[in-house]
Amino acid sequence: MRILKIIIFLFTAVAIGQNVQLTNAEQALFVKDVTNKANSLKTLSSDFTQTKHIQLMENKAVSKGKLYYKAPNILKWEYSSPYDYKIIFRDNQLHINDDGDKSVTSLRSNKLMEKLIGLISGSVNGKLVNDHENFDVSFSKEGKFVTALIVPKDSSVKQMFHEIIMVFDNENILYSVRLMEDGGDYTHIEFKNIRINTPLDPSVFEN
């Protein structure tokens with residue numbers, strides 16, 4: 001359960017106003033461009049601000065940190081505020097460093113966890129918008145932003161992640177992600193200072 005709570009804690013996005021559905025031609029061009037960017041993505045790093053929204057709580061929990069990604073599926077969330085906390089997905093293992101308290105959990109025997117890790121990587125690199133085997137996807141736009149509304153087909157994933165909303169900027173680069181839970185709770189993460197295909201020191205992905 002601890003692992004599932006950690007993953008649920010990781011995602012979100014920016015609330016946007018009235019959207020207009022993309023035409024078939026616009027959708028095809030958007031998906032093609034995002035897919036091309038995803039296929040050419042080798043590394044990604046970004047600052048993020050994360051806000052956890054819980055309906056029964058008046059105050060919101062806000063955290064800040066850095067995200068690091070290396071293709072095809074090495075991912076690190078490094079929280080720096082209000083606490084020091086690191087989460088690394090690497091080699092089918094979950095590495096946690098809670099202010100010096102380290103632990104490693106194997107994910108090989110857990111099919112649900114395998115799907116969730118794929119969901120996380122697909123959200124970061126953009127490939128989720130083209131994963132029609134596992135998700136129903138629809139697209140809309142407002143101003144310079146394009147929104148992908150993603151609904152899991154797998155019932156076990158859908159119980160935790162009712163909807164996933166990915167927002168892309170005018171260059172079709174991921175701006176934010178919202179992971180909606182049943183009941184209306186969600187986590188909001190906005191990405192800033194995104195750096196694509198810049199060298200990352202291997203030590204970044206050490207626990």
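## Aromatic pairs

Rings of Phe, Tyr and Trp (its six-membered ring) pair if their centres lie within 6.5 Å; planes under 30 degrees apart count as stacked, over 60 as edge-to-face and the rest as tilted. By this rule the count comes to 9 aromatic pairs. The model is predicted, with pLDDT of at least 70 needed for local features and 80 or more for side-chain atom pairs, while totals for chains, interfaces and linings use all residues. Numbering starts from 1 along each chain as its sequence is written, and side-chain values use heavy atoms, without hydrogens and water.

F48 and W77 pair edge-to-face, at 5.1 Å centre to centre and 75 degrees between the planes. F48 lies in strand β2 and W77 in strand β4, so this pair ties together parts that are 29 residues apart in sequence. F48 and Y79 also pair edge-to-face, at 5.4 Å and 85 degrees. That pair links distant parts of the chain, with F48 in β2 and Y79 in β4, 31 residues apart. F48 and W77 are both buried (under 20% relative accessible area with a 1.4 Å probe, protein chains only; exposed is over 50%, partly exposed in between). Y79 is buried as well. Ring pairs link F48, W77, Y79, Y83, Y85 and F191 into a cluster.

Strands here are DSSP runs of E, at least two residues long, and helices are runs of H or I, at least four, all numbered from the N terminus. Two strands pair if DSSP finds at least two bridges between them. Strand β3 (residues 61–70) runs antiparallel to strand β4 (residues 74–81), with 7 bridges. A hairpin of 3 residues joins them. W77 in β4 is the bridge partner of L67.

On to the next strand. β4 and strand β5 (residues 85–90) are antiparallel too, joined by 5 bridges. They form a hairpin with 3 residues between them. K76 stands opposite I88 in β5.

Helix α3 has 15 residues and spans 21 Å from its first C-alpha to its last, close to the 21 Å expected (1.5 Å times one less than the number of residues). Its buried residues include M113, L116, I117 and L119. G126 follows α3 and has a positive phi, near 90 degrees.

The largest pocket holds about 270 Å³ of space. On a 1 Å grid over the protein atoms alone, a pocket is an open set of points with protein on both sides within 12 Å along at least five of seven lines; a cavity is a set where a 1.4 Å probe fits but cannot get out; lining residues have an atom within 4 Å of a point. Of the 16 lining residues, K115, G118, L119, D131 and N134 are closest to the pocket centre. α3 (residues 111–125) gives the most to this lining, with 7 residues. By class, the pocket lining has 5 nonpolar, 5 polar and 6 charged residues. Nonpolar means Ala, Val, Leu, Ile, Met, Phe, Trp, Tyr, Cys and Pro; charged means Asp, Glu, Lys and Arg; the others, Gly among them, are polar.

## The cavity

The structure holds 1 cavity of 30 Å³ or more. The largest cavity has a volume of about 50 Å³, where volume is the space filled by probe spheres set on grid points joined across faces, edges and corners.

L44, S46, L67, V124, L174, F191 and I194 line the largest cavity. β2 (43–53) and β12 (186–196) each supply at least two of its lining residues. The lining of the largest cavity has 6 nonpolar residues, 1 polar and no charged.
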